[in-house]
Amino acid sequence: METYRKPEFDDTFKVVIASPEVAPFAKTGGLADVTGSLPKALAMLGNDVRVILPRYRGITGLSTVTDFPVWVGWRKATAIVRQSFIRAKLDDAEKLVPVYFIDNYQYFDRDHLYGYFDESERFAFFSRAILETLKAIDFAPDILHLNDWQTGPAALLLKEQYGDDPFYRGIATVFTIHNLQYQGNFPKECLRLLGLGDEFFIPELLEFYGNMSFMKAGILYSDIITTVSKTYAKEMQTPEMGHGMDGLLRKRSADVFGIVNGINYHEFNPETDPRIYKNYGTGDLAGKRQNKYELQKEVGLPTADVPVIGIVSRLVPQKGFDLIDEALDQIVSLNLQLVILGKGEEKYEEMVRSAAERFPEKVATIIGFNAVLAQRIYAGSDMFLMPSLFEPCGLGQLISLRYGTIPIVRETGGLKDTIHDYEPERGIGNGFSFREYTAQALVDAIKRALAIYRDRTRWEKLVNSAMESDFSWNKSAVEYMALYALARNRHKALAIA
Ligand code: ADP
C-alpha cells in the first residue's frame, strides 16, 4: 500500500480545474466524482482553486458574472459566465470553491451532456471559453488542470494563440486522461473551429488516422499528462491498451504520471451512511452481519450464514463479464451467494438474469442503476468481485474496502495499484487478486478468499484492516500538488529556453 507522502515543497498554487462534468452539477461517470472531489481536497490543503464547466440544462440557482464573445471558426458565439460554489469541509473548517459555468443556449441547453452531431463545435467553443474566462474573472492561475478530450484544445490554444499575451504566459497545463477510449476525433475541417490551418494536419500534430484529434491536442501541448493510476499510466503506453495513442504517449513518457483516485470519505462512511440498513464501524462485525441478513432478505436469498459476494457494475466487456459467464457454473458450485446489481449491454443483462433464474437459492440479480441498493450491497456483502479486463482506476474496490468488504479483483490498472493479494503466511494484503484473464484464475481467487473466510480470526483481522486503509482524496491531492510543482517548473524552463 502506498504510504502518505508529504509534498517536497511548502508552497501552494492557484489552480483552475476545467472539465466537461463536475459532481454534483453534471455527471455521467467517474470523471465527475474526481473533478467534484479534488478541488475540495486542494482547497483544504491551502490552494486557491476555481472550477470551470459548461452550464448544461437543469443546472439552476446560479448568479451571473459576465459575458463575452468567443470565436468558433468565423462564428461569433456568446459565453455567459455564471457562478456557484462547492462547499469544502474538513472537521470544523469550511471553504467555498468558486465554480464557473460557461453558458450558451445553443451549445449546452440540451437534454443530455454528450452524443450530438456538433460535439466538435460545442467543445471547441468550451475550450476557448475556458481561456477567455480566466481573463474575464481576472484570475491567471499557476496551473490550468484540463480533463479529457473535451478540454484538450485549451492546452493547444494557450500555447499557439494566447502565448504572446503576458496574462497567459505563466500558466502551466496538466492534462488528465480519465478514459483513453474516448478521444474526440473529428474530420479535418474541424481544425477551422479552433482557428487552425492545414499545417496542423500532420501526424506530428493533430492528425490521427485521417481525422483531427482533440485528445491529441491535450497530450501534445500540456506540460504534464496524468491518468488515474500508476499501472494504467504504464499500460496506456502499450499497443495492446493504448487505443492508438500509445506511440505519442511513449514519446512523452517522461511527462506521463499516474495518480489514483480517492473516494469521498464523508459520503462513503459505514458509520453514518443513511442508505444502509444499520450503521457500523471498524470492529463491529455484528453490525456488518446485520446488513448481510437484511440484504439477503431484500434481494430474496436464503438468510443463511454463507459468504455473500457482491457485484455493482456497468455490464460491459471492460468489467470482466465474459469471465463471469464462463466461470458461473463453477462459482455457484461453491458454498456462497452472489448479489449482482448492474445495467448495460443486453447480452450481459440476459446472462446475469438467467443465472438468478437457474440458481435462485444462490444468485440474486437486480438490473438497473440504484445508488441506495449499491450501498447496501457494499455494506452487506463479505466480498466484492471486480474481474475487469482493463480498469483505469476503479472506485468499487475502494468503496468496498471502506465498508469492510474484501475485494476479489483482476490485477490490472488501478485494481493492481490498490488491491494487494492476501498472503496467509505473513497475514498481509487487503484482498484477493489474479493475473490471467481466465475463468480458472478467477475461480481460484474466489476459493482462496473462501478458505480465509472460514478462518474467522484471520478474516476479522482482514476486514478490520481493510476498513482502516486510507483512500481518501487528501492523499491523492498531495500527489497532484507535487505534479503541479513539476508542471510549473517545466513550464518556466520552456519559457526561458
Ligand atoms: P466505471 O466508472 O468504469 O463505471 P468505477 O468503478 O470507476 O467504474 O465507478 C463505478 C461507480 O458507479 C461505482 O461507484 C459504482 O458503485 C457505481 N455503479 C456502477 N453501476 C451501478 C449501478 N447499477 N447502480 C448503482 N451504482 C452503480
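Strand 13 gives the most residues to the shell around the ligand, three of them. The model is a predicted one, where local features need pLDDT of at least 70 and side-chain atom pairs count only at pLDDT 80 or more, while totals for chains, interfaces and linings use all residues. Residues are numbered from 1 along each chain as its sequence is written, and side-chain values use heavy atoms, with hydrogens and water left out.

Now for the ligand itself. It is surrounded by 16 residues, and the closest are R314, K319, G368, Y378 and L395; a residue counts as near if one of its heavy atoms lies within 4 Å. By class, the shell has eight nonpolar, six polar and two charged residues. Nonpolar here covers Ala, Val, Leu, Ile, Met, Phe, Trp, Tyr, Cys and Pro, charged covers Asp, Glu, Lys and Arg, and the others, Gly among them, are polar.

An oxygen atom of the ligand sits 2.5 Å from an N or O atom in the side chain of Y378. A ligand oxygen atom is also 2.9 Å from a backbone N or O atom of L395, and a ligand nitrogen atom is 3.0 Å from a polar backbone atom of N370. Taken alone, the ligand exposes 560 Å², and the protein buries 84% of that (Shrake-Rupley areas with a 1.4 Å probe). Two or more shell residues come from each of strand 13 (308–315), strand 14 (337–344), helix 12 (371–380) and helix 13 (396–402).

Zooming out, the domain assignment of the protein chain gives domain 1 (14–262 + 474–496) and domain 2 (285–470), with bounds from an automatic or database assignment. Their C-alpha centres lie 35 Å apart.

Most residues other than glycine have a negative phi, and most peptide bonds are trans. A23 and P24, however, are joined by a cis peptide bond with omega of about 5°, and P24 lies in the loop between strand 1 (14–18) and helix 1 (30–44). D138, not a glycine, has a positive phi of about 55°; D138 is found in the loop between helix 3 (119–136) and strand 6 (143–147).

Definitions and conventions:
A polar contact is a pair of N or O atoms within 3.5 Å; within protein, one must be able to donate a hydrogen and the other to accept it, and residues adjacent in sequence count only if both atoms are side-chain atoms. Helices (H or I, at least four residues) and strands (E, at least two) are DSSP runs, numbered from the N terminus.
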